[in-house]
Amino acid sequence: MGSGNAPFFAVAALILTIAAKMSVEPAVMLLPMHFAASVARAVFPITPVIVVSSGMGGVSPFALVKRTAIPMAGALLVIIVANFVLFYR
């Protein structure tokens, strides 16, 4: 989860097949997955960005994640909705 790319690349190759079976453009499925992987970094206490930020602030990583969970859930919802509004045709 350091860069957010590992979980994305683990399943991205499968999306071409899944999108073809669902008659959906691959980008419609890949874009929210990529953005969600990036957003998810802020809600896991073991990611480097949280460990460094909590260390600099002198707080527990779990306390920091509690503060970022709700905004990141909102960001994930916006990403999914915007993806379908802007790109699904």
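Biologist: At what angle do helix α2 and helix α4 pack, and how far apart are their axes?
Modeller: This is a predicted model, by the way. In it, α2 (residues 26-40) and α4 (residues 61-87) pack at about 165°, and their axes are 10 Å apart.

Biologist: Why do you give me both an angle and a distance?
Modeller: Two packed helices are described by the angle between their axes plus the distance between those axes.

Biologist: OK, are α2 and α4 roughly parallel or roughly antiparallel?
Modeller: Roughly antiparallel. Angles over 145 degrees count that way, and this pair sits at about 165°.

Biologist: And is their crossing left-handed or right-handed?
Modeller: The crossing of α2 and α4 is right-handed.

Biologist: Which residues meet there?
Modeller: On the α2 side you've got A27, V28, L31, P32, F35, A36 and V39. On the α4 side they meet M72, A75, L76, I79, N83, F84 and F87.

Biologist: How many of those are nonpolar, polar or charged?
Modeller: The contact of α2 with α4 has 13 nonpolar residues, one polar and no charged ones.

Biologist: Let's pick N83. Is N83 buried or exposed?
Modeller: N83, which lies in helix α4, is buried, because its relative accessible area is 4% and under 20% counts as buried.

Biologist: What does N83 touch?
Modeller: Leaving out residues up to four places away in sequence, N83 touches A27, V28, L31, P32 and Y88.

Biologist: Now A40. Where is A40, and is it buried or exposed?
Modeller: A40 is in helix α2. A40 is buried too, with a relative accessible area of 17%.

Biologist: How far is A40 from A73?
Modeller: In sequence they're 33 residues apart. In space, C-alpha to C-alpha, A40 and A73 are 8.9 Å apart.

Biologist: Zooming out, how many helices and strands does the protein have?
Modeller: Four helices and zero strands. Reading from the N terminus, the order is α-α-α-α.

Biologist: What about its overall dimensions?
Modeller: The C-alpha trace spans about 50 × 25 × 15 Å along the principal axes of the protein. The radius of gyration is 15 Å, whereas a compact globule of 89 residues would have one near 12 Å.

Biologist: How much of the protein is buried?
Modeller: Of its 89 residues, 22% count as buried.

Biologist: Last one: what share of contacts join residues at least 24 apart in sequence?
Modeller: It's 51%, taken among contacts between residues at least 6 apart in sequence.

Methods. Residues numbered from 1 in each chain as written. Predicted model: local features only at pLDDT ≥ 70, side-chain atom pairs only at ≥ 80, totals over all residues. Heavy atoms only, no water. Axes fitted to C-alpha atoms, helices over the stretch in contact; angles between N-to-C directions. Helix = DSSP H or I, 4+ residues; strand = E, 2+ residues; numbered from the N terminus. Parallel < 35°, antiparallel > 145°, perpendicular 65-115°, else oblique. Left-handed = near helix turned anticlockwise from the far one by under 90°. Contact = heavy atoms within 4.5 Å. Nonpolar A, V, L, I, M, F, W, Y, C, P; charged D, E, K, R; others polar. Buried < 20%, exposed > 50% of the residue type's maximum accessible area, 1.4 Å probe, protein only. Rg over C-alpha atoms; globule rule 2.2 N^0.38 Å.
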